[in-house]
Amino acid sequence: MLKATNIHKFYLNNKYIVLDVNSGGVHVVDKIVYDILDLYTEKKLEDIVEALKSTYGEKAVIDAYNEISFLIDDGVLFSEESEISFNYNQDNIIKAMCLHVAHDCNLKCNYCFASQGNFKGERSLMTLEVGKKALEFLAKNSGNRRNLEVDFFGGEPLMNFQLVKDLVGYGREIEKVYNKNFRFTITTNGILLDEEKMDFINENMDNVVLSLDGRKEVNDNMRQTISGEGSYDIILPKFKAMAEKRGDKDYYIRGTFTNKNIDFSKDALDFYNHGFKKISIEPVVTSEEMDYALREEHLDDVLKEYEKFSQDYINIKKKDKDFYFFHYMIDLKQGPCIIKRSVGCGAGSEYVAVTPEGDLYPCHQFVGENEFLLGNINDGVINVNLRDKFKNSNVYTKEECRNCWAKFYCSGGCHANAHYAHEDISKPYKIGCEMEKKRIECAISILANLED
């Protein structure tokens, strides 16, 4: 039976686009096909011809109708949902780790989910002993998987930089023992970056995340030094030098937008004008009570901003193919398998965060929340019920996701956002859902334009 909910259609950036939810088929169509699809599941051919012939002509309507029928017969339009047998991560393999080498920070960002670096606890630095055990824990619990991801995180990880260096060296040693390959990443606010650190990072990190919010006035309003001054003028020159050193290696400059800078496309363009080619600007994660929080009253403006920036992005990409905005990157040909597209990031199952004391949490955004303590690097995962709760949370177990057209793109959304919005990881964060759906539409419309 054909269901209207099995497709999603939209018009953006001069393209009429139809997505087939279950097959993953994406079709750029003429307006006549776009209009017929509004009637196809409810009307017979003769009724559709009668309704549209004055606009398109009888023959054109029949030809377009037949084209739709061909796509249906081919299984790429109005396809039915397949029954999926879920054996996700049956062996509880861990493949990625967020290593909190420092629960301390040299900035005081207003919106910091980590409580200015201490994650609601005492300020602390990870020891070499804990760090080594964490890498061994990952290697021993990764099964046959060879490539493993480790993100040096904080607080500010450069406040414990010697440990970062020591752990990279130790990781290279135990790679040979366990037949693994560690892919290291570091996330930094840049305050402590100098030539020595830049050189080490450039040589040893597969990716670097550089945290800066955008324009000077936006950044300095939210990200201040301990003495209360703006951080932009300190950080920007260092990040420009770091990006230049990276060359064609991966990096992102990462901003955050709040209701104070809903015009975040200006921040993205400011980054680009300063020479940064790989950009991400994320919506703030915070309680709705905070004065800078994104609330439903802001949503329409945020969605319009994504659309506006998608137009700018197309224009820039046509001249500069090396420009990337994280949320507009999409792979429609070789994306992850259907299981992975159903479960998302793997937090609490394939991915864990490790505190300076060696405690395990589902991801960095849950650190410090006692109810989300999974275990520790000495004893492993003790709270198996919590692990199973995360492992069994997917687009088929979330009521709001089952009939959502975007479910295989967003994979059910962020568990942490859901928890902080509803105290329930199975109930998606509505504002986040709407932003993600708009980003997907933008990304696909961009790809359609660039392929022209």
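Helices, as H or I runs of at least four residues, and strands, as E runs of at least two, are taken from DSSP and numbered from the N terminus. On that basis Asn89 lies in the loop between helix H3 (58–73) and strand S4 (96–100). The model is predicted. This briefing covers a three-stranded sheet, backbone features at Asn14, Asn89 and the Gly154–Gly155 bond, and one cavity of 30 Å³ or more.

**Sheet and packing helix**

- Three strands make up an open sheet, arranged in the order S1-S2-S3 with antiparallel pairing.
- The edge positions are taken by strand S1 (7–12) and strand S3 (26–29); each has a single partner strand, so one side of each lacks a neighbour in the sheet.
- On average, neighbouring strands of this sheet are turned by 25° against each other, with direction ignored.
- Strand S2 (residues 15–20) runs antiparallel to S3 and is joined to S3 by four bridges.
- Within this pairing, Tyr16 is placed opposite Val29 in S3.
- Helix H16 (residues 430–451) packs on the sheet and touches S1, S2 and S3. The direction of helix H16 makes about 65° with that of S1.

**Positive phi outside glycine**

- Asn14 is not a glycine, yet has a positive phi of about 65°. Asn14 sits in the loop between S1 and S2.
- With a relative accessible area of 63%, Asn14 is exposed, because the cut-off for exposed is over 50%.
- Asn89 also has a positive phi, near 50°, in a residue other than glycine.
- Asn89 has a relative accessible area of 12% and is buried, because buried means under 20%.

**Cis peptide bond**

- Gly154 and Gly155 are joined by a cis peptide bond, with omega about 15°.
- Gly155 belongs to the loop between strand S8 (147–153) and helix H5 (161–178).

- The largest cavity holds about 40 Å³ of space.
- Its lining consists of Tyr88, Val343, Gly346, Ala347, Ser349, Phe390, Lys391, Ser393 and His415.
- By residue class, the lining of the largest cavity divides into four nonpolar, four polar and one charged.
- Lys391 is among the lining residues, and Lys counts as charged.

Key
Residues are numbered from 1 along each chain as its sequence is written. This is a predicted model: local features need pLDDT of at least 70, side-chain atom pairs count only at pLDDT 80 or more; totals for chains, interfaces and linings use all residues. Side-chain values use heavy atoms; hydrogens and water are left out. On a 1 Å grid over the protein atoms alone, a cavity is a set of points where a 1.4 Å probe fits but cannot get out, and a pocket is an open set with protein on both sides within 12 Å along at least five of seven lines; lining residues have an atom within 4 Å of a point. Grid points are joined across faces, edges and corners, and a volume is the space filled by probe spheres set on the points. Two strands pair if DSSP finds at least two bridges between them. Axes are lines fitted to C-alpha atoms, for helices over the stretch in contact, and angles run from 0 to 180 degrees between N-to-C directions. Contact means heavy atoms within 4.5 Å. Buried means under 20% relative accessible area, exposed over 50%, partly exposed in between (1.4 Å probe, protein chains only).
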